[in-house]
Amino acid sequence: MSTAERRGPDDPDALRRGLTAAQREAVETLEHFGWQLRFVRRPLFREPVPVLFDRDGERFVVLEPDGSLDESQSLKLRG
């Protein structure tokens, strides 16, 4: 059974909404180096989890609320 795609078009302003100031600054800095904010997971009652991919789309990092990078690859992504 297939379901309709729920994800909408990528709106950069909508993706950044709700991020901390440190996360927004980190996103801007990383974008200068070719990284792209692809999506933000928004779990209930928890901080948003922004995920950025490198220009090749092979590596990703998670931005912590303080703007630091989590490169542990512990986030499970669907293929």
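## Exercises on a predicted fold

The protein has two helices and four strands. The model is predicted.

**Exercise 1. In what order do the elements run from the N terminus, and in what order do the strands form the sheet?**

Solution. 
- Step 1: Read along the chain. From the N terminus on, the elements run α-α-β-β-β-β.
- Step 2: Read across the sheet. The four strands form an open sheet in the order E1-E2-E3-E4, with antiparallel pairing.
- Step 3: Find the edges. E1 (36–41) and E4 (69–70) each have a single partner strand, so one side of each is left without a neighbour in the sheet.

**Exercise 2. Work out how many bridges join E1 to E2, and name the bridge partner of valine 40 in E2.**

Solution. 
- Step 1: Take the pair. E1 and E2 (residues 49–53) run antiparallel, and five bridges join them.
- Step 2: Pick out valine 40. Its bridge partner in E2 is proline 50.

**Exercise 3. Is glutamine 23 buried or exposed? Describe its surroundings.**

Solution. 
- Step 1: Glutamine 23 belongs to helix H2.
- Step 2: Check the area. Its relative accessible area is 1%. Buried means under 20%, so glutamine 23 is buried.
- Step 3: List the contacts. Not counting residues up to four places away in sequence, glutamine 23 touches Pro48, Pro50, Leu63, Glu64, Pro65 and Gly67.
- Step 4: The side chain of glutamine 23 reaches the backbone oxygen of glutamate 64 at 3.3 Å.

**Exercise 4. Which residues make up the largest nonpolar core, and which element supplies its largest share?**

Solution. 
- Step 1: In soluble globular proteins, nonpolar side chains tend to be buried together.
- Step 2: List the members. The largest nonpolar core has eleven residues: Leu15, Leu19, Ala26, Val27, Leu30, Trp35, Leu37, Val40, Leu52, Val61 and Leu63.
- Step 3: Assign them. H2, E1 and E3 each supply at least two residues of this core. The largest share, three residues, comes from H2.
- Step 4: Follow one member. Leaving aside neighbours within four places in sequence, leucine 15 is in contact with Leu37, Arg38, Phe39, Val40 and Arg42.
- Step 5: Note the other core. A second, separate core has five residues, including Val49, Val51, Phe60 and Val62.

**Exercise 5. What percentage of the 79 residues is buried, and what is the accessible surface?**

Solution. 
- Step 1: Buried residues make up 29% of the 79 residues.
- Step 2: The accessible surface comes to about 6200 Å². Carbon and sulfur atoms account for 49% of that surface.

Methods
Residues are numbered from 1 along each chain as its sequence is written. This is a predicted model: local features need pLDDT of at least 70, side-chain atom pairs count only at pLDDT 80 or more; totals for chains, interfaces and linings use all residues. Side-chain values use heavy atoms; hydrogens and water are left out. Two strands pair if DSSP finds at least two bridges between them. Buried means under 20% relative accessible area, exposed over 50%, partly exposed in between (1.4 Å probe, protein chains only). A polar contact is a pair of N or O atoms within 3.5 Å; within protein, one must be able to donate a hydrogen and the other to accept it, and residues adjacent in sequence count only if both atoms are side-chain atoms. Contact means heavy atoms within 4.5 Å. Accessible areas come from the Shrake-Rupley method with a 1.4 Å probe; for residues, only the protein chains shown count as cover. A nonpolar core is a set of buried Ala, Val, Leu, Ile, Met, Phe, Trp, Tyr and Cys residues joined through side-chain atoms within 4.5 Å.
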